[in-house]
Amino acid sequence: MIPRYQTVLFVILLAASMVMGAVLWQLRDRAHQRLLAGEDSAPTRAPEVAPVEQATLMVANDADDSLETRILSLPLPAGPTGRARAVLGRLLDLYAAAGAAHPVPGGAQAIADVFLLPAKHSSDAQSSAGGGSRPASGEGLAVVNLTGAFASSHPSGIETEALTILSICATLRANLPQVSEVRFLVDGQPRATLAGHADLTRTYLTSEPTGPAGGDQP
Amino acid sequence: MRWSRLGAVLAAVIPAVALAQSPPAPGSRFVVVLDAAHGGDDAGAKLLGPDGSAELEKDYTLALSVRLRSLLAARGISVVTTRESDVTLDAQRRAEIANHAGAQACLSLHAAMSGSGVHLFISSLSPAQHATFVPWKTAQAAWTPRSIALAGMLNSALAHSGLKVTIGRTALTMIDSMTCPAVAVEVAPEQAAGSSGPSGGIGDSAYQAQVAEAIAAGLLEWRATTPAEGQNP
């Protein structure tokens with residue numbers, strides 16, 4: 001026979017357990033809601049602390065095979081490498097935007113890295129210049145590492161590929177005058193062509209006027 | 001044994017240099033090389049028509065090459081083509097065929113959906129002095145002035161036929177290794193006179209014929225101004 005006081009104690013403990021379970025369940029729900037709310041307000045990108053400066057972008061236009069000078073205000077890092085990456089990222093963002101005059105998907109994420117090195121006065125540059133102009137001392141080589149996704153999705157054609165390369169070289173030259181040579185890598189590796197046409201194995205001289213020029217119009 | 005070693009050494013060295021063609025004898029034939037770009041595993045660009053139909057660049061360039069070959073042959077011009085079917089050819093092999101032909105004009109035929117009209121491209125190599133042996137990758141440097149002149153002639157002929165033309169310079173592997181006046185011709189969708197953008201399909205038969213006729217006319221004019229023995233720059 002169970003004493004009466006034990007029965008009462010058991011009922012009280014059982015009721016207390018159920019109340020505590022309900023409270024814990026509610027606390028869990030509230031914590032989950034707070035977590036979700038916190039995720040919504042979390043910053044999705046690093047705050048831009050770089051000062052806003054004017055950058056010159058050489059924007060390609062497929063309609064007339066030209067490079068248009070466009071001056072934009074951008075937060076530019078102080079270091080030349082970060083600056084180069086910022087201006088090239090903005091340039092490719094323009095190409096990825098809807099209605100772009102030189103449509104190329106990818107945007108800023110297409111620039112995996114940009115490295116700035118002292119220019120090498122060797123036969124590498126001769127391959128693009130055929131013995132032409134040589135960089136002066138103190139000038140630099142920019143190595144632009146593109147993503148494989150960008151190269152794979154780039155439209156195929158001599159004109160469109162040449163314009164992409166020329167606009168990258170001209171934009172680097174406009175914002176970093178010390179850059180005299182540009183080489184391209186894709187996913188960190190040399191690649192024969194950008195999308196089947198433009199040669200990516202050679203060194204491009206930024207001072208070389210290799211851009212398309214208008215022909216006779218009918 | 002010694003000869004086989006010598007052969008191996010030569011085989012390793014020869015691809016790195018291009019032997020400049022000796023000038024043909026006076027009165028020799030006028031030869032044009034037509035290089036239909038891409039082929040085989042390399043399909044090139046995907047060309048879309050206004051009706052949604054799609055064509056591969058490798059097929060388009062081959063059709064244009066065949067059409068041009070017929071037009072030039074009918075005018076008494078000898079034509080050497082780099083491919084006659086859907087086969088894979090690398091840039092080096094294309095340049096080898098062109099260089100062995102001793103041609104007075106080499107055209108690399110391409111097609112693309114970007115821009116409009118016809119784009120002419122010349123090698124971006126700076127002009128260099130002609131030499132007996134030249135680096136394979138920059139063999140075109142000695143021919144750059146002649147290539148610019150050829151592009152100007154084609155530009156005039158295309159513009160005369162009412163087509164929009166642009167001329168540019170760029171780095172193209174197969175052109176840069178050619179020892180002949182070389183131009184890359186890229187056909188883009190048609191643009192009507194007075195229009196600011198593409199107005200017709202690239203695969204339109206009449207448009208293709210207009211482009212081919214204009215190029216043939218330009219090459220005829222080039223033949224008239226180029227002595228057959230003057231292949232060297």
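**Chat on a predicted two-chain model**

Colleague: What helices and strands are there in chain A?
Modeller: Chain A has five helices and seven strands, taken as DSSP runs numbered from the N terminus (helices H or I of at least four residues, strands E of at least two). This is a predicted model, where local features need pLDDT of at least 70 and side-chain atom pairs count only at pLDDT 80 or more, while totals for chains, interfaces and linings use all residues. Residues are numbered from 1 along each chain as its sequence is written, with chains lettered from A and ligands numbered from 1 in the order in which they are written.

Colleague: In what order do the elements of chain A run?
Modeller: From the N terminus on, α-β-β-α-β-α-β-α-α-β-β-β.

Colleague: What share of chain A is buried?
Modeller: Of its 218 residues, 37% are buried. Buried means 20 or more other C-beta atoms within 10 Å of the residue's own, exposed 12 or fewer, partly exposed in between, with C-beta atoms placed from the backbone.

Colleague: A:Ile71, then: buried or exposed?
Modeller: Exposed, because A:Ile71 has 10 C-beta neighbours inside 10 Å. A:Ile71 lies in strand E2 (residues 66-75) of chain A.

Colleague: What is A:Ile71 in contact with?
Modeller: A:Gln54 and A:Thr56, leaving aside neighbours within four places in sequence. Contact means C-beta atoms, placed from the backbone, within 7 Å.

Colleague: Switching topic. How many residues are in the largest nonpolar core?
Modeller: 111, and B:Val32, B:Val33, B:Val183 and B:Ile215 have the most contacts inside it. Helix H5 (residues 158-175) of chain A gives the most to this core, nine residues. A nonpolar core is a set of buried Ala, Val, Leu, Ile, Met, Phe, Trp, Tyr and Cys residues joined through C-beta atoms within 7 Å.

Colleague: What does B:Val183 touch?
Modeller: Not counting residues up to four places away in sequence, its contacts include B:Leu107, B:Phe121, B:Leu150 and B:Leu154.

Colleague: And at what angle do H4 and H6 of chain B pack?
Modeller: About 135 degrees, with the axes 8 Å apart, for H4 (residues 144-160) and H6 (residues 205-225). H4(B) and H6(B) are therefore oblique to each other.

Colleague: Which residues of H4(B) and H6(B) meet?
Modeller: Among them, B:Leu150, B:Met153 and B:Leu154 in H4(B), and B:Ala214, B:Ile215 and B:Trp222 in H6(B). By class, the contact has nine nonpolar, two polar and one charged residues.

Conventions
Two residues are in contact if their C-beta atoms, placed from the backbone, lie within 7 Å. Axes are lines fitted to C-alpha atoms, for helices over the stretch in contact, and angles run from 0 to 180 degrees between N-to-C directions. Angles under 35 degrees count as roughly parallel, over 145 as roughly antiparallel, 65 to 115 as roughly perpendicular and the rest as oblique. Ala, Val, Leu, Ile, Met, Phe, Trp, Tyr, Cys and Pro count as nonpolar, Asp, Glu, Lys and Arg as charged, and the others, Gly among them, as polar.
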